[in-house]
Amino acid sequence: MNHDVFMAGFGGQGVLLIGNLLAYATILEGNNASYFPAYGVEKRGGAANCTVVMSDGAVGSPVVGEPEAALLMNPAAMEQFYPRVRKGGMALLNSSLIEDDGSSRSDLTLVRIPANEMALEIGDSRLVNMVMLGGYVEYSRVVARDALKEALKEVLPERNHRFLPMNHNALEAGAAFVREALA
Amino acid sequence: MTKRLFVKGNEAVAMGALEAGCRYYFGYPITPQSDIPEYISREMPALGGEFIQAESEIASINMLLGASACGARAMTSSSSPGISLKQEGISYMAGSECPGLIVNISRSGPGLGGIDASQADYFQATKGGGHGGYHIIVLAPASVQEMYDLTMHAFDLSDRYRVPAMILADAVIGQMKEALDPHPYKAPADLPPKDWALTGSGTREVNKVVKSLYLGVGELEQHNLKLHRKYAQMQEQEVRCEGYELEDAQLVVTAYGSTARIAHTAVRIARREGYKVGLLRPITLFPFPKQAYRDHTANGQKVLCVELNTGQMVDDVRLAVPQAEVDFYGRAPGAGSLPTPEEIFAQIRLHCEVH
Amino acid sequence: MKTEEMKQVFARPQALNPVQTHFCPGCQHGVIHRLVAQAMDAFDIQGQTIGVASVGCSVFLYGYFGIDVIEAPHGRAPAVATGAKRVHPRRPVFTYQGDGDLAAIGTSEILHTANRGEPITVIFVNNTTYGMTGGQMAPTTLPSQKTSTSPYGRDESKDGYPIKMTEILAGLEGTAYAARVAVDTPQRVIQAGKAIKKAFQTQVEDNRFAFVEVLSTCPTNWGMNPLEANARVAEEMIPYFPLGVFKDVSA
C-alpha cells in the first residue's frame, strides 16, 4: 500500500487538522504515514497546505511533487495545485468556493463536492474539512472510516467530544457523495 | 509494546532528550524549532529539571557550558542564525571538552534568509563552525523516530568522547509528523564516569578546572593532538550510515536528512522503471562514513550527491572516493526550492542514460 | 619575646593558594582575591564553591583559589555561572570579571542574570581599562582618559560615557545587593571586605543575586607607579564612580 494526498486551502478551513487525522488514523491501523505541513509565516488567514504519505512499508519522501490525490478547498489552491495532480490521479474540488469546473484536465478523476453547503446542512460550517476527508477516504480506501473516528476521538480534547457525532456525520456525508459521484 | 505515538520531529527530539536524562535546557525562540523549547518547558517541571529561556543564543550556549562543566546532561536548540551565534560557545565547549547537545533545525540563509528547510549548514556543522580547528559530533536524522533515537545516541556519544554533539535537521524533519515508538532509554554500560566534572572541591587535594586556555609551551599543541586522536577514534568506531537497494546499483545516490527521504522515493521510482540505482544515507556526518563510499564505488559505480544547498557534503564524498565519478544535484534553499522525488528521479534517469 | 606568645593577627586565607600571582606590581587584583578568599573562609564554603573565571587578567583564578573553576568565554561568565548554579543549587557560585568583560562584551549576560535574580555572587573589578590586552579604552574609561585606543582622551561625544554598572544593576528587581567599593586605603579595604562578605551572604543565606564593583588600579597601563595609581582611585575614579551600597534588600 502506497498512497499520498495533498490538501490545500486557506488557514481556518481545517486543512491541517484533516491531514493530521488521516495520518494518525493510518498509524492506528498499523501502517506508516508522514504528515508534512506547509503554511505561511503569518499565523492566521494565510494559505495552508499539507501532504500525507501513507504506506504499509517505509514512508519515503514526505513531500510529493505530483500527488496521487488532491483535496482543493479554495480557488487559490485550485489554481496552484490542480495542474500538479498525478496523471490518473484524483482531485476533489470544493465546488462551494471553486467556480472552475476542472475541465482543463481529462486525465484524472474529478469530483466536485459542495462541501460548504453540505457542512451547513449537517449543522456547522466548520465541517467542510470533514466532508472533504470523508470523500477522499471513500475514494482511496486508505483507512477505514472507523479508524478516522477513533483518531478523531484521540485528537479532540475530551470537552469537545460532544461534537463527535456531527463530525462523523460529515465524514459519512462526504463519503456518500463521492460514492455516488463515482458510481 | 508501548503505544506508537504520532508526533512532530521536533517533539521527538525533546522527548528523546528527556528520556535520555537531560534535565537542563537553555534556549531562545526561533522558527522552525520552537516546538522543542515549548515541549520541554511544559514537561520539565514535573521531572524536576531546569528550563531557561535565555536572553540570547549566546547566553544559552554558555549556560549549557556551565551545566555541562558541572556534569549534567544538558542541551540547547536553535536554528541556523541562532546556531551562528552559538559558535563561540561551541568552540569553547570543544576546547574545554564539555559534552552537551546542540540541536540545529536549520533554515535557509545566509543572513535572515527564510524559514524553509535547508542543508546549507553542513559545512558549519561538520568543519568546526567556530574558531580553532575542532570538530563536533554531527548526527543527521531522517525520520521522526530517528529524531528520538539519535538524540539519545548523541548524548551517549557526547559523554563518551567529551565532545559536543549536534543533531542537524531541518524544517522537513522537524515539522513533519510520523509514528514514533518511544522506547525507554538505556545507558550504555561502559559510559565513563564524569570524574572531571565540577562539584565544589570538597576535601579533594586538587581543584577541578574546566578550561580551554593553555599557554605553556607545547601545552596547547598536545591538547589539540588529544582532541584529534578522539576524532580519529570516532572515525574508527562511531560511523553510521544506511544503504537502500545498493547491492547491484550502478549509480549510488547519496543524501542525508530530508533530501535522503526524498531521494529514497526517487530511487524507488527508478527501481520500478528498471534503473540500477541505490541510496547511501550518512547518519553520522561527523565522523563521515568514508569507507561506505569506498565500498560502494569499488567496482566503478558512479555517485550522485543530492543536497538542499549548492554543494557541501559532495566535497566530503569526493575526498572519500577521489577515483570515483561524483556528480552533484542541489537546490539553493529558500521558499519553494525543496526538491521533489520526481525531480530527483529525473536526475537519476539523466545520469543513467547519459553515461 | 617567645614565639608561642605571639598572637596571629593576619594570615593567608584558607581559600587562597600559597602561590605567587602573576599580577603587575601595584595591581589590586591580589588584594581583591584575598577579600574574596576571606569571604569564602568566613562562611566555610571553600569546599563547595564553584568559581567562574572570565577573560582578562583574572583568567587565572583557578591558580589562586583552592576551588573548582570554569573558565568562561569573554563576557559570558554570568551565563556559565547560571548553568552551574542550576545544576548545583546548593553550591555557592561566583563570577569574577573585569570591566571590559562585564560592562562591554558581557552586558547582556550580566543584566539578564541579575534580572533573573540568579542566586550567584558577582565580583566586578573596574580599573577603567583593558589590562591584559594592553590598556585599550574600556566602557568605564573616564572622560578625557588617554588609553591606547583613545590616544587623545575619551571623547564622550563619540565614545559615550563611562558606564555605571552598579547603579544600573541596583535598578533591577532581581538584584538583592549592589555595592561599589575601593581598596585604595586600609579603611576602604575593610569596607570592601565587608561588602564582598555580604555579597556571599546574600547568596548563601538568602539565595539571591549580589553584585560588588571594586574600583581598582592598573599602574602598568595607566603609565603610573603604584602609589600614583593608588592615588588616582580617590582623585579621579571615586568622584565619577561614587562608593556605597546602592541596594540591599536585607537592610
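How many residues of chain B are in contact with chain A, and how many of chain A with chain B? The legends below take up this point and others. The model is predicted: local features need pLDDT of at least 70, side-chain atom pairs count only at pLDDT 80 or more, and totals for chains, interfaces and linings use all residues. Residues are numbered from 1 along each chain as its sequence is written, chains are lettered from A in the order in which they are written, and side-chain values use heavy atoms, with hydrogens and water left out.

**View 1. Contacts between chains.** 22 residues of chain B are in contact with 25 residues of chain A. Contact means heavy atoms within 4.5 Å. Two pairs of chains touch, and chains B and C have the most contacts. Chains A and C share no contact. Their closest C-alpha atoms lie 29 Å apart.

**View 2. Area buried by chains B and A.** Interface size is often given as the accessible area lost when the parts come together. Here, chain B and chain A bury about 1800 Å² between them. Of this, 58% is on carbon and sulfur atoms. B:R4, B:F6 and B:E342 supply 30% of the area that chain B buries against chain A, more than any other three residues. Buried area is the accessible area (1.4 Å probe) that two parts lose on being put together, summed over both.

View 3. A:E154 pairs with B:K3, with the closest N and O atoms 2.8 Å apart. A salt bridge needs a side-chain nitrogen of Lys or Arg within 4 Å of a carboxyl oxygen of Asp or Glu.

**View 4. Elements on the chain B side.** β1 (5-8), α7 (171-175), β8 (177-180), α9 (257-272) and α12 (341-354) of chain B each give two or more residues to the side that touches chain A. α9(B) gives the most, with five residues. Helices (H or I, at least four residues) and strands (E, at least two) are DSSP runs, numbered from the N terminus.

**View 5. Chain C.** Chain C has ten helices and nine strands. Its C-alpha atoms fill a box of roughly 55 × 50 × 35 Å, taken along the principal axes. Buried residues (under 20% relative accessible area, 1.4 Å probe, protein chains only) make up 55% of the 251 residues in chain C. Among contacts in chain C with a separation of 6 or more, 69% join residues 24 or more positions apart.

Conventions
Buried means under 20% relative accessible area, exposed over 50%, partly exposed in between (1.4 Å probe, protein chains only).
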